Amino acid sequence: MTGRGGIEPFVFSHTPEWRTPFALKRIMKTYLRNTFQLVSCAFGALACQGDASDRNDPDSASATSAAGGTMVTTVGADADFLLPPFVATVQGNQIADIVYERLAEPSPALNTVGDDGFTAELAEKWTWSADSLSIAFSVHPRARWHDGRPVTARDVAFTYDLTTDPATASGDAPLLSQIDSVTVRDSMTAVFWYGKRYPEQFFDAAYQMRILPEHILSGVKRSELRTAELIRKPVGSGRFRFVRWVPGSLVELVADTTHHKGRPKLDRLIWTISPDYNASAAKLFAGDADFIEYLTGDKITEIAKYPRLRTLSSPSLDHVYLHFNLRDPKNPARPHPVFGDVGVRRALAMAVDRASAVQNVFDSLGLLSKGPMVRAQSLADTTIPPIPFNLDGARRLLDSLGWTDANNDGVREKNGKPLAFTIGAPSSSTNRMRMAVLLQGMFKEVGAQVTLKNEEMTTWIQGMQSGKFDAAMNASHLDPSPVASTRQTWSAASARNPAGRNFGRYANPRFDALIDSASVQMNPANARRFYRQAHETIMNDVPAIWLYELVSVAGIDRRIEPVGIRADAWWAEIGDWSIRADQRIARDSIGLRPVAR
Amino acid sequence: MRRFIARRLLASVAIVFLAATFTFILIHLAPGDPFSAAAENSRITPEIQAQWRAAYALDRPLPEQYFRYIANTAKGDFGYSFSQHRSVGAALADAIPNTLLLMGVALIASFAIGIVLGALQARARGTALDRTLGGVSLFFYSMPDFWVALVMLLIFSVWLGLLPSGGMTDPLMYDYWGFGRRMQDRALHLVLPVASFTLLVSAAVARYQRSAMLDMADQDFVRTARAKGATERRVVVKHILRNALLPIITLLGLAFPLLLGGSVFIERIFSWPGMGRLAADAILTRDYPLVMAVVIIGSVLVSAGNLLADVLYAFADPRLRRS
């Protein structure tokens with residue numbers, strides 16, 4: 001409908017859409033925009049005559065073919081790295097996942113036991129050894145790096161070596177700790193070796209590594225790789241190739257038309273960065289972006305005003321809980337004066353009407369949490385009953401524990417000490433702050449005095465790490481595999497580590513033993529049984545009140561046709577997302593044409 | 001005058017050094033460090049975090065870190081930015097021109113419009129025009145900058161669709177356009193952030209200008225000029241306006257650091273990759289080297305702004321020049 005670089009023509013659409021109020025609004029918008037541009041040109045400062053080439057269709061072949069189009073995603077922050085072993089942010093992961101490839105990808109069910117549900121990606125096929133202590137992956141014979149060099153088994157072995165090398169200091173290294181080695185059987189076959197059999201052998205090899213090009217990265221000293229300039233221009237083997245990264249502004253990828261899985265259906269992917277959430281959403285509403293990965297409740301209501309847009313919801317791996325500190329913040333050798341008693345923790349859990357709190361904060365965009373795992377994890381058992389909401393029961397329990405309101409000031413005391421504590425929340429999370437306010441009111445009902453403390457994120461994390469907190473609105477983004485994240489957040493070993501993520505210092509040997517047992521079950525049903533027992537144990541110990549899981553609601557332009565949304569990565573199948581030829585707009589017409597920069 | 005400038009320059013060096021030292025201590029006293037936020041990521045183990053700290057010498061005693069920093073800075077090496085994952089020099093080299101463009105245009109527009117509005121109000125003192133302009137400027141002056149920016153974005157970008165919603169250029173088409181269309185695109189992307197900033201700052205300038213002109217209008221030399229038969233235009237422009245520029249020069253000196261410091265809210269809301277955003281992100285992520293570099297640049301500019309204001313005073317007021 002529009003020529004590249006020209007002013008959008010003021011024409012009526014031949015579709016019936018123009019008769020709708022929305023179409024009239026759009027026409028008015030086009031008219032206003034054209035008028036404004038004409039006026040701005042007339043002022044002379046803007047040399048509006050442009051180039052004749054501006055008005056030529058840049059890639060008419062692309063515009064009419066089945067594949068084509070540009071998808072612009074608006075995100076709140078820049079990527080940190082684009083090289084997988086160093087990536088820690090969501091944005092970095094999105095781009096690294098698309099530019100690089102895993103050997104195999106899990107299905108949306110996110111099974112992590114064995115290879116059930118996995119589909120081949122960079123690997124064409126794999127073979128388990130008879131004793132299951134090795135898996136041989138055959139690299140796809142047509143796989144190529146984006147610079148044209150073939151991908152080989154040496155690249156696979158190199159990736160493992162680089163990621164696990166202590167000099168690299170990759171956050172992914174612990175995830176590969178159960179793999180003994182990776183060897184090269186022949187130029188196209190890499191073999192993963194294990195010292196013992198365990199359920200997630202395949203998951204670790206296939207999911208935890210994105211394969212890197214040896215010929216590019218081998219020349220850099222591992223200890224200097226994090227700061228090397230070349231890792232800012234990644235050369236991968238994924239369905240989109242890297243074009244440019246303008247820090248703080250955008251990242252651009254373009255389709256690899258020679259990819260062994262076939263040409264992506266979109267030509268180009270762009271991430272634009274808007275640090276302010278409202279401004280980011282405004283980009284979607286104004287038509288400057290096609291996709292935003294997270295919409296808050298008010299923006300979901302607003303999106304209904306734009307017939308061009310729709311929402312796209314998916315499960316997520318994020319959950320939020322009130323994390324109790326079980327040790328005294330002033331002297332960690334002693335139990336916490338309030339939360340050291342499991343009875344008090346239980347009573348407080350009984351005082352929380354989670355259903356109404358979640359409904360209040362999220363309406364239908366939050367799900368009641370089921371415990372330390374989330375629904376999207378394939379081994380999660382969602383049938384464990386939580387501690388029920390029972391105000392009278394909570395009061396009676398506190399009475400029986402000796403916490404009574406002797407002076408009738410509304411706050412219970414025991415041995416002269418009030419039932420008072422602080423709940424901390426990061427000031428960057430409106431939802432967590434709102435939830436903390438509701439909890440404050442609910443705890444007041446049972447005679448507990450809560451002070452809210454909203455802190456800037458780094459300060460808040462530092463407070464938790466140093467154990468100087470009473471209770472915190474903590475959040476976790478979990479892995480599809482429950483093993484690592486469960487151990488890091490709740491195991492005794494993590495509690496003993498001063499820098500561990502078990503900030504509340506919860507420790508129960510029975511829980512640890514059950515998690516250990518679950519992690520070696522080769523049969524998913526058996527693993528689920530052990531996880532259930534472990535979760536019943538921890539939920540009885542109440543080291544936290546698990547509050548809610550987020551439902552991820554994205555905003556998307558209707559012209560984009562998404563497929564295969566996965567809880568851990570909405571972008572997993574982005575190579576198959578498409579824009580119908582009759583739905584394309586000006587920016588879709590660029591095609592694959594490179595630009596001289 | 002030369003001796004005066006030399007003395008001020010020496011004092012500026014001391015100010016910059018003190019500001020850098022003070023900031024170094026303050027930022028290290030703040031809770032957390034550049035790798036604390038990694039604790040939110042379940043994949044990053046404490047051991048890996050410790051390794052990162054060691055790699056950047058953050059595990060060394062604070063005095064050692066300080067002397068290393070000062071020594072490197074003296075050689076022109078601002079270090080490595082933990083949040084940008086590249087050298088601080090590269091990060092600044094990208095951000096400074098962007099902020100210069102935005103704030104340069106915005107400051108020129110703000111002062112030009114503010115001075116004209118203030119002069120108009122002073123001339124029309126007590127009239128409906130004066131009251132209307134005063135009310136409007138007070139309204140914008142009292143508005144929070146982020147609110148004004150968001151409302152502008154909502155009206156002109158989302159509702160009317162007249163202007164782009166953010167960024168410096170169109171993220172995709174810009175590189176495919178010819179020179180003329182590119183210039184137009186850049187100008188269009190400048191309109192909303194510049195207009196938001198100008199609305200706020202020009203309101204303040206106008207109020208200062210009006211007040212200064214009214215003060216001058218009652219001075220003896222103005223009466224003398226009129227008595228000598230000077231035209232009203234000459235009295236206003238040559239005698240009142242010129243002398244009323246002194247407080248505006250002070251204001252300009254104070255605003256000068258914005259040229260490189262940028263405006264955090266305007267840059268955040270309009271996704272402008274400038275120094276304001278860079279500084280805010282650096283503080284939030286405890287990016288010590290970047291915070292230090294921004295502070296050093298800021299203190300250099302504050303010193304330069306004050307020096308510039310003093311020099312401009314001398315040009316504007318012959319009495320100061322003679323003294």
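In the predicted model, A:His259 touches A:Glu101, A:Ser237, A:Gly238 and A:Arg239, residues up to four places away in sequence not being counted (contact: heavy atoms within 4.5 Å). A:His259 is buried, its relative accessible area being 6% (buried: under 20%; exposed: over 50%; 1.4 Å probe, protein chains only). The loop that holds A:His259 runs between strand 9 (250–255) and strand 10 (268–273) of chain A (strands: DSSP runs of E, at least two residues; helices: H or I, at least four). The side chain of A:His259 reaches the backbone oxygen of A:Ser237 at 2.9 Å, and a polar atom of this side chain lies 3.0 Å from the backbone nitrogen of A:Lys261.

Between chain B and chain A, about 5,900 Å² is buried, 55% of it on carbon and sulfur atoms (buried area: the accessible area, 1.4 Å probe, that two parts lose on being put together, summed over both). The contact takes 80 residues from chain A and 58 residues from chain B. The rule finds 2 salt bridges across this interface (a side-chain nitrogen of Lys or Arg within 4 Å of a carboxyl oxygen of Asp or Glu). The side chains of B:Arg286 and A:Glu456 meet in a salt bridge at 2.8 Å, N to O. Helix 7 of chain B provides the largest share of the side of chain B that touches chain A, 7 residues.

Residues are numbered from 1 along each chain as its sequence is written, and chains are lettered from A in the order in which they are written. Local features need pLDDT of at least 70, side-chain atom pairs count only at pLDDT 80 or more, totals for chains, interfaces and linings use all residues, and side-chain values use heavy atoms, without hydrogens and water.

Definitions and conventions: Polar contact = N/O pair within 3.5 Å; in protein donor to acceptor, adjacent residues only side chain to side chain.
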